[in-house]
Amino acid sequence: MKLFEISNYLDTRVPLAFQEEYDNCGLLIGNKDEKINSVLICLDCTEEVLDEAIKNKHNLIIAHHPVIFQGIKKITGKNYVEKVIQKAIKYDIAIYAMHTNLDNIYGGVSFQIANKIGLENPQILKPKTNLLSKLSVYCPKPFVDKVKKALFNSGAGRVGEFYDRCSFISKGLGSFRPLGGATPFSGNIGKESLVEEDKVEVIFYSYLKPKILFALEHSHPYEEVAYICTEMDNSSFCGSGVIGDLTKEMRLVKFLAYVKKQMNTAVIRYTNLKDNAKIKRVAVCGGSGSFLLEDALQNDADVFISSDFKYHDFFDSNNEISIFDIGHYESEYFTQQLIFDIVKEKFSKLAVHLTTVCTNPILYY
Ligand SMILES: [Zn+2]
């Protein structure tokens, strides 16, 4: 298995286009033509994890957090990032990161937490907008199926997680006049023609536009294909956090104990709820999720489970919602299994291992 086969798959299965602007996902270190023998999965690519890879002959590390996150001007080994870069290159170990793109996809990091605590009907808490486009193309009837198929095969027509091959077709009449030099599919040079056409409309993620237009050009019979591409501000099917419902209401203290057990945390920092209210609706976000508190409140969550809340953030709960800060590492621990499953989905025979190193830098006394 060559590295590019794995990285190309990961780049599209967890689209790089879904990462936040500040992020640095994808292949960070490695020669794409290198043969990969064995993969090691971790949250943080620390020096200890790298040593584990060297010892056990894993030559690809897939991490959640990108070890190279900011611009680097010197690699002298003065901090762990530079040490990891030096060592990875020295021992021919590739490093790949899937971070906020894995947070943002449907079924991503926060869905893992939702599954762990058994939330029903999990939905994305804050869907992203401005990621979708609509294509309208005018097509002679006998070619509609061919064009539709090409568009669908390129990723157009997917609506949400559970529907694909979606399109809308309306009928009409197109007019045209081929000028000198044209080689028209139908009609004659210098003569205005009318032709029965269908307007085919599909939506797609904007990042797929080059691929979809390429498929359109190669499936449509016209010399000049008439189409309109429009960016839309509709909510997409990816974004931050997850909200869902417990199968049974619980009191706060019982729910604390339940989350502590399910998420395997040593400590939960939390805020109280007014009037000893019962808990039914729960919002979650893996990693630093305090920016979603307002969304959790607006979606009537009783509890918001995440990490990295500051002292003053806790006041913002106003006792209308209970904040559970379960710790960053703890909230993302199960992400390693998610990455494992994603790799195995495509490469069932590839040797893939989870790290045995606990990379949590925070200890509790
Ligand atoms: Zn994180």
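## Exercises on a predicted model

The protein has twelve helices and 15 strands, and what you're looking at is a predicted model.

**Exercise 1.** Work out how far the C-alpha trace spans and how much of the protein is buried.

*Solution.* Start with the principal axes: along them the C-alpha trace spans about 85 × 60 × 40 Å. Next, take the 365 residues and apply the cut-off for buried, under 20% relative accessible area. Buried residues come to 48% of the 365.

**Exercise 2.** Find the largest nonpolar core and say which residues have the most contacts inside it.

*Solution.* Here's the background: in soluble globular proteins, nonpolar side chains tend to be buried together. In this model the largest nonpolar core holds 46 residues, and Leu10, Leu60, Ile62 and Leu102 have the most contacts inside it. Strand S8 (residues 193-205) gives this core its largest share, five residues. There's also a second, separate core of 24 residues, with Ile117, Leu252, Met263 and Ile305 among them.

**Exercise 3.** List what Leu102 touches once you skip its neighbours within four places in sequence.

*Solution.* Count a contact when heavy atoms come within 4.5 Å. Leu102 then contacts Val14, His64, Gly108, Val109, Thr335, Leu338, Ile339 and Ile342. For the whole protein, take contacts with a separation of 6 or more: 73% of them join residues 24 or more positions apart.

**Exercise 4.** Count the charged side chains and compare where the two sets are centred.

*Solution.* There are 42 positive and 45 negative side chains. The centres of the two sets lie 4 Å apart.

Note on methods
Residues numbered from 1 in each chain as written. Predicted model: local features only at pLDDT ≥ 70, side-chain atom pairs only at ≥ 80, totals over all residues. Heavy atoms only, no water. Helix = DSSP H or I, 4+ residues; strand = E, 2+ residues; numbered from the N terminus. Buried < 20%, exposed > 50% of the residue type's maximum accessible area, 1.4 Å probe, protein only. Lys, Arg positive; Asp, Glu negative; His and termini not counted. Charge placed at Lys NZ, Arg CZ, Asp CG, Glu CD. Core = buried A, V, L, I, M, F, W, Y, C linked by side-chain atoms within 4.5 Å.
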